[in-house]
Amino acid sequence: MRQYILIVEDEADIAESLRYNFEREGFRTLIAESGEKGLRLALDENRPPSLILLDLMLPGMSGIELCRRLRREPTTKKIPVIMLTAKASETDKIRGLEIGADDYITKPFSIKEVVARIRAVLRRVDSETVQKYEDDKLSVDFTDMRVYCEEDEIKLTRKEFALLTYLTKNSGRVATRQNLLDNVWGYSYFGDTRTLDVHIRRLRQKLGECGNCIETVVGVGYRFVGNR
Ligand code: CA
């Protein structure tokens, strides 16, 4: 089945060039020139998009606001969103990721890069249904809740296991502290993020030789990089 990519972009020439290239790559496309239309198309259950490419600066409803709305709606909250942004500052990127965007691309971009990022995000979404993570040293069984580092079983608490699972399933991607608190602690956590840092430290210690699979992204959060 060919997948729909929803392009929410008010600049017609950019939207058209994206459409042309995506269709050449075998995707089907939907174009919305405003956030309001984007929301309508995203909610259309006859043609649910597999991914949304969302411009940040839109007339009317902004990209940030649309992304928030998409994350609130049950039918759209799992659709991956890649933000297109002309703003390149770190705070804008973090803000985009914290409201639930999966990735962001800074304008001006090359079409080749956009296509590669779309494929990477779609692959990651597919891998979310897998039962197991494995690399040269580490193995995490999501259903049996068992973790092995070089054949030795690692005993983790439920929270540590949930943390490792979230990081593993988002391999290669920065998980901000707020992402981790929201997804692992299961509620909006406005308190002290030291709780999280303490859990990460303990998790790394328990993982021993495999502890380096979790990288610190200074000032932002953590990233699972695996063991190579
Ligand atoms: Ca724009």
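The entries below follow the order in which I looked things up.

**Entry 1: the kind of model**

Before anything else I noted that this is a predicted model, and I kept that in mind for every value I wrote down.

**Entry 2: the open sheet**

I began with the strands, and I reminded myself that strands of a sheet pair through backbone hydrogen bonds, either parallel or antiparallel. In which order do the five strands of the open sheet lie? I read the order as E2-E1-E3-E4-E5, and the pairing is parallel. The edge strands are E2, residues 28-32, and E5, residues 103-106, each of which pairs on one side only. From one strand to the next, the twist averages 20°.

I then followed two of the pairings. E1 and E2 are paired in the parallel sense over five bridges, and here I found isoleucine 5 opposite threonine 29 in E2. E4, which covers residues 81-85, pairs with E5, also in the parallel sense, over four bridges, and methionine 83 has tyrosine 104 of E5 as its bridge partner.

**Entry 3: an edge strand and a helix**

Is E2 largely enclosed by the rest of the structure or largely open? I found that four of the five residues of E2 are buried, so the strand is largely enclosed by the rest of the structure. I also looked at helix H1, residues 12-24, which lies across E1 (4-8), E2, E3 (51-55) and E4, and which runs at about 170° to E2.

**Entry 4: a cavity**

Next I turned to empty space, since rolling a probe the size of a water molecule over the atoms shows where such space is left. How many cavities of 30 Å³ or more does a search of the whole structure find? The search finds one, and the volume of the largest cavity is about 40 Å³. Its lining is made by Leu56, Ile64, Met83, Thr85, Asp92, Lys93, Gly96 and Tyr104. E4 and helix H4, residues 90-98, are the elements that give two or more residues to this lining, and H4 supplies the largest share, three residues.

Threonine 176 is found in strand E10, residues 174-176. Is threonine 176 buried or exposed? Its relative accessible area is 0%, and because anything under 20% counts as buried, I wrote it down as buried. Leaving aside its neighbours within four places in sequence, threonine 176 is in contact with Ile94, Leu97, Glu98, Val220 and Gly221.

I went on to helix H7, residues 177-185, where the buried residues are Arg177, Asn179, Leu180, Leu181, Val184 and Trp185. These buried residues of H7 pack against H4, H6, E10, helix H8 (194-207) and strand E12 (221-224). Just after H7, glycine 186 takes a positive phi of about 80°.

**Entry 5: lysine 159**

Lysine 159 lies in helix H6, residues 158-169, and at 29% relative accessibility this lysine counts as partly exposed. Setting aside its neighbours within four places in sequence, I found lysine 159 in contact with Val184, Trp185 and His199, and Val184 and Trp185 are among the buried residues of H7. I also checked arginine 202, which is 43 residues away from lysine 159 along the chain, and their C-alpha atoms are separated by 11 Å.

**Entry 6: backbone angles**

Which peptide bond did I find to be cis? The bond from lysine 107 to proline 108 is cis, with omega near -5°, and proline 108 has its place in the loop between E5 and helix H5 (111-127).

Methionine 145 has a positive phi, near 55°, and is found in the loop between strand E7 (138-141) and strand E8 (146-149). At 37% relative accessibility, methionine 145 counts as partly exposed. Glutamate 151 also has a positive phi, near 75°, and sits in the loop between E8 and strand E9 (152-154). With 75% relative accessibility, glutamate 151 counts as exposed.

How values were computed: Residues numbered from 1 in each chain as written. Predicted model: local features only at pLDDT ≥ 70, side-chain atom pairs only at ≥ 80, totals over all residues. Heavy atoms only, no water. Pairing = 2+ DSSP bridges. Axes fitted to C-alpha atoms, helices over the stretch in contact; angles between N-to-C directions. Contact = heavy atoms within 4.5 Å. 1 Å grid on protein atoms, 1.4 Å probe; cavity = no way out; pocket = protein on both sides within 12 Å on 5 of 7 lines; lining within 4 Å. Points joined across faces, edges and corners; volume = space filled by probe spheres on them. Buried < 20%, exposed > 50% of the residue type's maximum accessible area, 1.4 Å probe, protein only.
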